[in-house]
Amino acid sequence: LLVDSGKFDWAASGRFPGLTEPDESYHGLVYTQALGPLASLIKARVQLLRDLGAAISPFNSFLLLQGIETLPLRMERHSQNALAVAKYLQEHSKVAWVNYPGLADHPSYELAKKMLPKGQSGILGFGIKGGRAAGATFINSLKLFSHLANIGDAKSLAIHPASTTHSQLTVEEQGLTGVTDDYVRLSIGIETVDDIIADLEQALAKV
């Protein structure tokens with residue numbers, strides 16, 4: 001994805017020889033001389049696209065733009081929901097610990113407020129009492145959450161790394177990656193937060 005306003009003076013800094021020196025593959029064209037501030041955009045089309053073929057389809061471009069345009073709104077909801085979930089889990093009797101920088105007792109709380117003042121993302125981790133077996137039972141009991149290893153989806157995702165993504169590692173190797181038997185990672189989506197918490201509640205009740 002290239003983002004270029006078409007207003008930058010590529011020739012001024014002397015740091016872009018690919019734009020300020022003749023391109024022998026394009027009849028000696030000097031992009032900055034011929035195109036001024038549009039040099040980079042046109043080079044991407046006439047040289048890089050020709051050589052690399054990295055052309056996204058029009059419909060995929062549309063979807064990507066739609067996603068980018070709504071990203072600020074979605075991140076606000078992700079962060080609001082995650083903070084509410086973190087506070088809920090922090091008070092739950094079957095939860096040993098919660099790791100989320102939006103919580104006041106997190107070691108990076110002050111830094112997070114400074115660097116992420118509009119919200120601290122939708123990703124959080126917590127320790128479930130009962131370890132590996134409890135973690136697996138919890139994951140299998142979720143209904144709204146999807147059991148997936150990726151993060152950042154619009155829908156809520158959950159995984160118990162010790163019994164899935166990191167299960168082939170030894171306990172010592174898991175520890176080196178920060179994975180413990182009780183660790184559950186959540187990627188909180190943009191659903192109604194009451195529904196998210198209700199799903200966590202019913203799953204925890206089965207542990």
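Reader: Which domains does the domain assignment of the protein give?
Author: In this predicted model, the assignment gives domain 1 (1–55) and domain 2 (70–205), the bounds coming from an automatic or database domain assignment. Residues are numbered from 1 along each chain as its sequence is written. Local features need pLDDT of at least 70, side-chain atom pairs count only at pLDDT 80 or more, totals for chains, interfaces and linings use all residues, and side-chain values use heavy atoms, with hydrogens and water left out.

Reader: How many Å apart do the C-alpha centres of domain 1 and domain 2 lie?
Author: The C-alpha centres of the two domains are 44 Å apart.

Reader: Turning to helices, at what angle do the axes of H4 and H8 cross?
Author: The axes of H4 (residues 58–90) and H8 (residues 193–204) cross at roughly 30° and come within 10 Å. Axes are lines fitted to C-alpha atoms, for helices over the stretch in contact, with angles from 0 to 180 degrees between N-to-C directions. Helices are DSSP runs (H or I, at least four residues), numbered from the N terminus.

Reader: What does that make H4 relative to H8?
Author: H4 is therefore roughly parallel to H8, a term for angles under 35 degrees.

Terms used
Helices (H or I, at least four residues) and strands (E, at least two) are DSSP runs, numbered from the N terminus. Angles under 35 degrees count as roughly parallel, over 145 as roughly antiparallel, 65 to 115 as roughly perpendicular and the rest as oblique.
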